[in-house]
Amino acid sequence: MADYQAPLRDMRFVLNEVFEVSKLWAELPALAEVVDADTASAILEEAGKVTAGSIAPLNRSGDEEGCSWDNGAVKTPAGFPEAYQTYAEGGWVGVGGSPEFGGMGMPKVIGAQVEEMVNSANLSFGLYPMLTAGACLSILNHASEELKAQYLPNMYAGVWAGSMCLTEPHAGTDLGIIRTKAEPQADGSYKISGTKIFITGGEHDLTENIIHLVLAKLPDAPAGPKGISLFIVPKVMVNADGSLGDKNALGCGSIEHKMGIKASATCVMNFDGATGYLVGEVNKGLNAMFTMMNYERLGVGIQGLALGERSYQSAIEYARERIQSRAPTGPVAKDKAADPIIVHPDVRRMLLTMKALNEGGRAFSSYVAMQLDTAKYSEDKDTAKRADELVALLTPVAKAFLTDMALETTVHGQQIFGGHGFIREWGQEQLVRDCRITQIYEGTNGIQSLDLMGRKIVGSGGSYYKHLADEIKAFVTSADASLDEFTKPLAAAVQNLDELTAWVLDRAKSNPNEIGAASVEYLHVFGYTAYAYMWALMARAALGKEGQDEFYASKLGTARFYFARLLPRIHSLSASVKAGSESLYLLDAAQF
């Protein structure tokens, strides 16, 4: 498998040439004095070094060894504690954290690139700091000043880790039926009792303490999701002076044996009257959790992108070196017994599909991250509101479409290796296995599709969607004629999405089944159309420069491939949506 190299050239192209992010930062006072193009470049350069040098080499060995559980203690694979120490000492756990508590304070669009690098290098490793960052985000936005000061500095520093304890054996998507209890105590704390499952990083040996954020219900809580509260429950109690005290009444009952991400400890966590502290208001726990959901769901989409990038790097190296058969037009490598497989049309189809989906995904995830930054930092209420609504609209697309495309991409990477792709030593099959979870956790992709279609499209009456559609149409109208080969099919794709959106909105009025029936295919039409916008923007940034640098020639060639071979997928998907929900209900349960 090829050694991982961070795609810094493409990241700089997206940030500096496509989106000109430094202009956005200059317009946001909270960021203007914190980050500029040079600072961002230096951060990404260093992140590329640490991920490629310290973390990527552990990916295969970590998968082979996995985590082990012994009487409640979890041991991560060899090299993980040392690599985590290196990562934490570099400040990477707190790259997006509040400077008030020791974080770097970088915008999400920078954090997104760092996330891609660490997850390309080693997804199992990357999950530990990701969960910590998510826990920090909820604490920062909802906890008391006392709790922030007590927990955030050590979490940002990577001295302590974090976990998010939501799921229970009987309650996954439907968190309203959780049974974990929180009993108020005289000193203002709570006793937390219950069992949580699928808890990433619930127990491990990377840090001296783990700060669990736990969803639970008070005895008098109303039924359903409106009765959920959120609590900080430390593994080891923290004394008033910040030192560590006694172990809390909680433990890891077991770890899961999984298809992939084997070096990430996925734990069953038992809380046996553990001491916890309320975060935010009583019965408002889901509000506190949703603060981090947009960040975390984008983060999962980036995990998919990261795996696709790692797979592509290995696949392109293999395709250039592996010789099999001759090119259809005659020998290319005449001094060899056969030609490298990159000459064959089907191999090129797979490689270009990988490249187009990876680079389109990088641009799209960066675009969504910019909206998060605008919503958080803009001092103009209308600008912040528009960005916030765009984030709401695009988050389920980022999570589901990026990861669905990632599975296609990693399978292509495996396929290019032929039989070697099925063998563990070559590394491609691990990426397929690791990728599969990204379509499942942080809300399955089916749930993301329902969220997009039901809450964000139908729920807003199409108003959220109009933000993006109007932006794309304005771009098409203002574009130079030299971009016609990209803007004309983009305009047609947006018109198709307009019509599809209107169709579903109309049908949903009389048949609620239409929302669920249309949702997955609709999200894919939306995703391909959004990527077409990204590719048109990238083509604009590259056009006229192709003679100066092979990078730009490659970018334009990939853009042309996307519009010719991938964007047309929207037509069959749109036909499936318009076929309606009736055929889904022709069989009763027994007939299945």
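Colleague: Let's start with the holes. How many cavities of 30 Å³ or more does the count come to?

Modeller: The count comes to six cavities of 30 Å³ or more. Keep in mind that we're looking at a predicted model.

Colleague: What volume does the largest cavity have?

Modeller: The largest cavity comes out at about 460 Å³. It is lined by 29 residues, and the closest to its centre are Val 95, Gly 96, Lys 108, Glu 115 and Ala 133.

Colleague: And which elements give two or more residues to that lining?

Modeller: Those are α7 (108-121), α8, α10 and α11 (345-377). The most comes from α8, which gives eight residues to the lining of the largest cavity.

Colleague: OK, α8 then. How far apart are its end C-alpha atoms, and why does that agree with what the helix should span?

Modeller: The ends of α8 are 28 Å apart, and this agrees because its 20 residues, at 1.5 Å a residue, should span 28 Å.

Colleague: How many of the residues in α8 are buried?

Modeller: It's mostly covered, with 17 of the 20 residues in α8 buried. Have a look at Ile 139, which sits in this helix.

Colleague: What is Ile 139 in contact with, leaving aside its neighbours within four places in sequence?

Modeller: With those neighbours set aside, Ile 139 is in contact with Lys 148, Leu 152, Met 155, Leu 213 and Ile 232.

Colleague: Now the greasy bits. How many residues are in the largest nonpolar core?

Modeller: That core has 168 residues, and Tyr 522, Phe 526 and Tyr 562 have the most contacts inside it. Helix α17 (residues 513-542) brings the largest share of this core, 19 residues. There's also another core apart from it, made of 12 residues, including Ala 315, Ile 341, Met 350 and Leu 351.

Colleague: Back to Phe 526. What does it touch beyond its neighbours within four places in sequence?

Modeller: Beyond those, Phe 526 is in contact with Leu 393, Leu 394, Val 397, Leu 452, Tyr 465, Leu 468 and Leu 497.

Colleague: And α17 itself, where is its kink centred?

Modeller: The kink in α17 is centred on Ser 519 and is about 50 degrees. Its 30 residues reach 44 Å from the first C-alpha to the last, close to the 44 Å expected. As for cover, 25 of the 30 residues in α17 are buried. Just after this helix, Gly 544 takes a positive phi of about 90 degrees.

Colleague: What about positive phi in residues other than glycine? What's the value at Glu 20?

Modeller: Phi of Glu 20 is near 45 degrees. You'll find Glu 20 in the loop between α1 (8-18) and α2 (21-27), and at 37% relative accessibility it counts as partly exposed. Asn 71 is not a glycine either, and has a positive phi of about 55 degrees. Its loop runs between β1 (68-70) and β2 (73-75).

Colleague: Last one: where is Glu 89?

Modeller: Glu 89 is in helix α6 (residues 80-89). With a relative accessible area of 60%, Glu 89 is exposed.

Conventions. Residues numbered from 1 in each chain as written. Predicted model: local features only at pLDDT ≥ 70, side-chain atom pairs only at ≥ 80, totals over all residues. Heavy atoms only, no water. Core = buried A, V, L, I, M, F, W, Y, C linked by side-chain atoms within 4.5 Å. Buried < 20%, exposed > 50% of the residue type's maximum accessible area, 1.4 Å probe, protein only. Helix = DSSP H or I, 4+ residues; strand = E, 2+ residues; numbered from the N terminus. Contact = heavy atoms within 4.5 Å. Expected span 1.5 Å × (residues − 1). Bend = angle between axes of the 7 residues up to and from the residue. 1 Å grid on protein atoms, 1.4 Å probe; cavity = no way out; pocket = protein on both sides within 12 Å on 5 of 7 lines; lining within 4 Å. Points joined across faces, edges and corners; volume = space filled by probe spheres on them.
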